[in-house]
Structures are given as structure tokens and as C-alpha cells.
Amino acid sequence: QVQLVESGGGLVQPGGSLRLSCTASGDTTSTHAMGWFRQAPGADREFVAAIRWSGGSTGNPYYAAAVKGRFSISRDKVNRVVYLQMDSLEPEDTAVYYCAAGRPITSTLSTVRGYAYWGQGTQVTVSS
């Protein structure tokens, strides 16, 4: 089992920044990738970004088109923490953000079914 705890959500004005953190514990070696997803009210959960624990210094980050260039995912392999730096936030980014862990293959890296473990979510609200 893997436990995931997110932190860092909150209220921010349009154009502002937030940094989310996700700490993984338990049998983390059973997973090889971490992802961030988000879910707005009345909408499906959607992919935001993913990163691999391997993949050299960068972890081969992968982003949804809607956030590419504004968000950055990174990881601390020693402490098993994944970060999501969110810049130039827009009201459309308002959602509950979830951290996920699993063993996705390339075709499932950006899908909910690619991940077996999920955090409880943290609210991000972008509003003036």
C-alpha cells in the first residue's frame, strides 16, 4: 500500500502562483510514476502532469496541454515528495487537485486508470 498526502492548496488571485506538495509513504517502490490530476465541480477528473521516479535528473515530466508552460512538476526521490509549481494561474484552474501514484505505461500515463493510489485532494481556488 502507498499513502499520499497533498498540501499547499489555497486561494490565489489570477496571475498568481501556488506550489503543491505530495508526500508518498508506505511501499513506494511498488510505483514508478506520480501524477497530478484535478477535478472541478461537475466535471470529470482530468490529467495535469506526471513524472517518473526514474528518468534521470528530470524524471521525464509530461503535461496536459492546458497547463504546459505554466505548471512545472518535479520530485525529490530521497524523501519521496512530488511538487507541482503552478504559475500564471487562471480562474479555469480552480479545482480540487489530487496526487496519484502507480505503474502506468506510456498509454495510461495521463489517465485515471493508470494510477492505483490517490491522495485526499487539496482545493485550489483562483479568484479575484
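Which residues does Y97 touch, not counting residues up to four places away in sequence? In this predicted model, Y97 touches E6, L20, W36, F37, R38, V48, F71, L84, M86, G121, T122 and V124. The largest nonpolar core has 36 residues, and Y97 is one of those that touch the most other members, along with L4, M34, W36, L84 and M86. To this core at least two residues each are supplied by β1, β3, β4 (33-39), β5, β7, β8, β9 (95-102) and β11 (122-126).

Strand β1, which spans residues 2-7, has one covered face formed by V2, L4 and E6, while Q3, V5 and S7 make up its uncovered face. L4, on the covered face, is among the core residues that touch the most other members, and E6, also on that face, is among the residues that Y97 touches. β1 is joined by six bridges to strand β3 (residues 18-26), and the two run antiparallel; within this pairing, Q3 of the uncovered face has S25 in β3 as its bridge partner.

N60, in the loop between β5 (46-52) and β6 (62-63), has a positive phi of about 50° although it is not a glycine, and N60 is partly exposed, with a relative accessible area of 46%. R80, in the loop between β7 (71-76) and β8 (81-86), likewise is not a glycine and has a positive phi, near 55°; R80, however, counts as buried because its relative accessible area is 18%, under the 20% cut-off.

Note on methods
Residues numbered from 1 in each chain as written. Predicted model: local features only at pLDDT ≥ 70, side-chain atom pairs only at ≥ 80, totals over all residues. Heavy atoms only, no water. Helix = DSSP H or I, 4+ residues; strand = E, 2+ residues; numbered from the N terminus. Buried < 20%, exposed > 50% of the residue type's maximum accessible area, 1.4 Å probe, protein only. Pairing = 2+ DSSP bridges. Core = buried A, V, L, I, M, F, W, Y, C linked by side-chain atoms within 4.5 Å. Contact = heavy atoms within 4.5 Å.
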